[in-house]
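Work through the exercises below with the sequence and the model open. Try each task before reading its solution.

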Amino acid sequence: VYQLHRMLVCSRRALRYHPPTQEKVIKQCLMVYGYSFFMASWSNWGASESWWPIRNNVYSGVLCLPMPYDLGSTLFFYLIYAPLVFFLPLFYICYILIDIARND
């Protein structure tokens, strides 16, 4: 999304867009994959013990997703886990879209 934002801003301002180097692309990809791996691993940290408030469970017999199981885990899920997994990337994308539209 960041590179797309840069490309659209340069296009709107009639500036030449210089694509990122391969090294920069690899760094950005590793950052995204690292964040995704880190957040996906949260549900497996306390799988055999009860110390971690998120556990995997099967929804409708199809999806294996993190699932809250008591009040503490529900609070953790909706106050920490869900914002970091769902809302932070969504707000970043919305910010980029608003920034592109505002610079119109």
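A disulfide is a pair of cysteine sulfur atoms within 2.5 Å. This is a predicted model, in which local features need pLDDT of at least 70 and side-chain atom pairs count only at pLDDT 80 or more, while totals for chains, interfaces and linings use all residues. Residues are numbered from 1 along each chain as its sequence is written, and side-chain values use heavy atoms, with hydrogens and water left out.

**Exercise 1. Cysteines**

Task: State how many disulfides the structure holds. Then classify Cys29 and Cys94 by accessibility.

Solution: 
- Step 1. The count of disulfides is 0.
- Step 2. Cys29 has a relative accessible area of 36%, so Cys29 is partly exposed.
- Step 3. Cys94 comes to 33%, so Cys94 is partly exposed.

**Exercise 2. The overall layout**

Solution: 
- Step 1. Helices (H or I, at least four residues) and strands (E, at least two) are DSSP runs, numbered from the N terminus.
- Step 2. A contact means heavy atoms within 4.5 Å. Among contacts with a separation of 6 or more, 31% join residues 24 or more positions apart.

**Exercise 3. H1 against H3**

Task: Describe how helix H1 packs on helix H3, and which residues meet.

Solution: 
- Step 1. Two packed helices are described by the angle between their axes and the distance between the axes.
- Step 2. Axes are lines fitted to C-alpha atoms, for helices over the stretch in contact; angles run from 0 to 180 degrees between N-to-C directions.
- Step 3. H1 spans residues 2-12 and H3 spans residues 71-102; their angle is about 0° and their axes are 11 Å apart.
- Step 4. H1 is therefore roughly parallel to H3. The cut-offs: under 35 degrees is roughly parallel, over 145 roughly antiparallel, 65 to 115 roughly perpendicular, and the rest oblique.
- Step 5. From H1 come Tyr2, His5 and Leu8; from H3 come Tyr92, Ile96, Asp99 and Ile100.
- Step 6. These residues split into 5 nonpolar, 1 polar and 1 charged. Here Ala, Val, Leu, Ile, Met, Phe, Trp, Tyr, Cys and Pro count as nonpolar, Asp, Glu, Lys and Arg as charged, and the others, Gly among them, as polar.
- Step 7. Look at His5 in H1. At 13% relative accessibility, His5 is buried. Beyond four places in sequence, His5 touches Ile96, Asp99 and Ile100.

**Exercise 4. The largest nonpolar core**

Task: List the residues of the largest nonpolar core and find the element that gives the most.

Solution: 
- Step 1. A nonpolar core is a set of buried Ala, Val, Leu, Ile, Met, Phe, Trp, Tyr and Cys residues joined through side-chain atoms within 4.5 Å.
- Step 2. The 7 residues are Met39, Trp42, Trp52, Ile54, Phe76, Phe77 and Tyr81.
- Step 3. Helix H2 (22-45) and H3 each give two or more residues to this core. H3 gives the most, with 3 residues.
- Step 4. Beyond four places in sequence, Phe76 touches Trp42, Trp52, Pro53, Ile54 and Tyr81.

Definitions and conventions. Buried means under 20% relative accessible area, exposed over 50%, partly exposed in between (1.4 Å probe, protein chains only).
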